[in-house]
Amino acid sequence: MIEVRGLTKGFGAARVLDGVDLSVVRGESLVIIGGSGAGKSVLLRSILGLERPDGGAILLGGQPATPQVRADFMRDFGMLFQNAALFDSLPVWRNVAFRLMTSLPRAEARARALDRLARVGLGPEVADRMPSELSGGMRKRVALARAIAADPRVIFFDEPTTGLDPQRAASINALIRGIVDETGATAVTITHDMTSVRSIADRVAMLARGRLIWQGDVAAMDSADDPELRGFVEGRPLA
Ligand SMILES: Nc1ncnc2c1ncn2[C@@H]1O[C@H](COP(=O)(O)OP(=O)(O)OP(=O)(O)O)[C@@H](O)[C@H]1O
């Protein structure tokens with residue numbers, strides 16, 4: 001579904017990505033972990049075409065990511081941004097239906113929005129409220145409903161649990177896993193929340209020093225002996 005080959009990207013003298021190789025297989029849930037500043041966002045932004053890599057290649061659905069290939073790919077993708085990124089001037093249902101409004105009549109778009117809100121545990125009474133009237137956890141749910149509004153085949157989750165208490169984080173993790181299982185969508189998540197990793201991932205890739213230093217099934221993570229991965233997973237203080 002997504003293939004990254006030898007990706008490099010630097011800012012000034014700093015080389016953030018130094019030859020990243022990554023394959024995301026259709027239908028899998030891949031979680032990319034790594035410390036703050038490791039380059040997770042730069043990698044995600046490069047895949048999305050928001051960052052211009054210095055070198056390497058990105059393939060989407062097996063084809064080099066030309067503007068046309070990227071445009072086709074983007075038609076089928078959903079994204080949950082770290083800060084929810086809702087439009088403050090639009091009521092909740094319009095936020096959820098945002099991408100549907102051009103292709104569906106208003107009443108159908110609203111019905112779809114209500115369905116997706118129900119899917120993430122929010123009742124119809126939330127639909128006409130403004131984002132500013134919601135708690136952080138509810139805003140994340142609305143953003144999740146928006147991400148799945150158009151039945152995407154690929155969904156990106158950027159730090160989905162940041163700023164949530166452990167129980168609300170657990171419900172977002174469970175929702176994400178449920179959506180991936182039910183829809184068969186391919187999911188790519190970046191996070192440093194190990195609880196998220198264990199709830200969401202089929203496979204884990206760890207980014208450090210500009211490279212993916214470990215990749216494997218989530219079940220293999222705890223028995224892997226890579227010292228950097230061990231330190232991260234166990235939350236050991238940095239030397
Ligand atoms: N536009 C930019 N200009 C200059 N430096 C940048 C830019 N974007 C990212 N960087 C640098 O690239 C490095 C990686 O940043 P990135 O945001 O990808 O890290 P991250 O792994 O997502 O971290 P976090 O977990 O804290 O969000 C950082 O050192 C950052 O300062």
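Me: How many nonpolar, polar and charged residues does the shell around the ligand have, by class?
Reply: The shell has 4 nonpolar, 6 polar and 1 charged residues. Here Ala, Val, Leu, Ile, Met, Phe, Trp, Tyr, Cys and Pro count as nonpolar, Asp, Glu, Lys and Arg as charged, and the others, Gly among them, as polar. Bear in mind that this is a predicted model, where local features need pLDDT of at least 70, side-chain atom pairs count only at pLDDT 80 or more, and totals for chains, interfaces and linings use all residues. Numbering starts from 1 along each chain as its sequence is written.

Me: Ok, which residues surround the ligand?
Reply: They are Phe-11, Val-16, Gly-34, Ser-36, Gly-37, Ala-38, Gly-39, Lys-40, Ser-41, Val-42 and His-192. A residue is near a molecule if its C-beta atom, placed from the backbone, lies within 6 Å of it.

Me: And what gives the largest share of that shell?
Reply: Helix H1, with 3 residues. Helices (H or I, at least four residues) and strands (E, at least two) are DSSP runs, numbered from the N terminus.

Me: Where does H1 sit? Which of its residues are buried?
Reply: H1 covers residues 40-48 and packs on the sheet, touching E1, E2 and strand E4 (55-60). Its buried residues are Lys-40, Val-42, Leu-43, Ser-46 and Ile-47. Buried means that 20 or more other C-beta atoms lie within 10 Å of the residue's own, with exposed at 12 or fewer and partly exposed in between; C-beta atoms are placed from the backbone.

Me: What covers those buried residues?
Reply: The cover includes E1, E2, E3 (29-33), E4, E8 (186-190) and E9 (203-208). Contact is when the C-beta atoms of two residues, placed from the backbone, lie within 7 Å.

Me: What comes just after H1?
Reply: Gly-49, which takes a positive phi of about 85°.

Me: Switching to the sheet: what's the strand order?
Reply: The sheet is open, with 4 strands in the order E2-E1-E4-E5 and antiparallel pairing. At the edges are E2 (14-24) and E5 (63-64), each pairing on one side only. Two strands pair if DSSP finds at least two bridges between them. E1 (residues 2-11) and E2 share 8 bridges, and Phe-11 has Ala-14 in E2 as its bridge partner.

Me: Zooming out, how many helices and strands does the protein chain have?
Reply: There are 9 helices and 10 strands. Along its principal axes, the C-alpha trace spans about 50 × 40 × 35 Å.

Me: What share of the chain is buried?
Reply: Buried residues make up 39% of the 239 residues.

Note on methods:
Axes fitted to C-alpha atoms, helices over the stretch in contact; angles between N-to-C directions.
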